[in-house]
Amino acid sequence: MTGLRFTPVNPAGRETALRDWQHIHNSIIPTAPLSADEIAARAQRHILEVAYADGVAVGCSTVRPPAPDAATVIARVLPESRRHGYGEQIYQRGLARARELGAQTIETVVLASNDEGLRFARHHGFVETDRYVLPGDTIAFVDLRLA
C-alpha cells in the first residue's frame, strides 16, 4: 500500500487541489456536480482534502465539523484507484480529524448507486439512518451513522 500525500483545498484559490477535488467529487457523485465556486464556499466551512499517490489524485475527503456533536466524514476514491487501501487511509485521516474537533458521533453520506461506497461504510460499522432524493434527482443519497 502506497502512502498518500494529502493537500487541503484552499478556499481562496483555484489551485490544482480544488480542481482535483472537483473532478473526484463530480465523478463519484454525477447527480450533484459542484462548481469551483461552490467548492470554495464549502472549503470555508468544511475540511476538504485531496489524496495523491505518486503525484496522481486518487481520492478526496470532506470533514464537516461537529454540529453540535455529530461530524460527517466522507471518503471518496476514484474507481480506477480502488482496492489499494487508499479509501482506508482517507477515511482514517478524516475520522481522526473529526475526533480532534470534538465529534461524539460520526456520520457519512453515500450515493445509493455507489455499491462499493455503501459496502465500505457498512464494513466500517456504519448503519443506514435515512434515504432522500434531492429535488430534480432520481438517485437517493444514503445517510449513515457509525454504530
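Me: What makes L18, W21 and Q22 in α1 and A36, I39 and A40 in α2 a contact?
Reply: Contact means heavy atoms within 4.5 Å, and L18, W21 and Q22 of α1 meet A36, I39 and A40 of α2 on that basis. This is a predicted model, in which local features need pLDDT of at least 70, side-chain atom pairs count only at pLDDT 80 or more, and totals for chains, interfaces and linings use all residues. Residues are numbered from 1 along each chain as its sequence is written, and side-chain values use heavy atoms, with hydrogens and water left out.

Me: How do the residues of the contact of α1 with α2 divide into nonpolar, polar and charged?
Reply: Five are nonpolar, one is polar and none is charged. Ala, Val, Leu, Ile, Met, Phe, Trp, Tyr, Cys and Pro count as nonpolar, Asp, Glu, Lys and Arg as charged, and the others, Gly among them, as polar.

Me: Why is α1 called roughly perpendicular to α2?
Reply: Helix α1 (residues 16-28) and helix α2 (residues 36-45) pack at about 105 degrees, with axes 10 Å apart. Axes are lines fitted to C-alpha atoms, for helices over the stretch in contact, and angles run from 0 to 180 degrees between N-to-C directions. Angles under 35 degrees count as roughly parallel, over 145 as roughly antiparallel, 65 to 115 as roughly perpendicular and the rest as oblique. Therefore α1 is roughly perpendicular to α2.

Me: What makes residues 70-77 a strand, and why is β4 called mostly covered?
Reply: Strands (E, at least two residues) and helices (H or I, at least four) are DSSP runs, numbered from the N terminus. In β4, seven of the eight residues are buried, where buried means under 20% relative accessible area, exposed over 50% and partly exposed in between (1.4 Å probe, protein chains only).

Me: How do you know that β4 pairs with β3 and with β5?
Reply: Two strands pair if DSSP finds at least two bridges between them. Strand β3 (residues 56-64) and β4 have six, in the antiparallel sense, with V63 opposite V73. β4 and strand β5 (residues 105-111) have three, in the parallel sense; A71 is partnered by I106.

Me: What makes the unit of β4, helix α3 (residues 86-100) and β5 right-handed?
Reply: A crossover is right-handed if, with the strands pointing away from the viewer, the path from the first strand over the helix to the second runs clockwise. The β-α-β unit of β4, α3 and β5 is right-handed.
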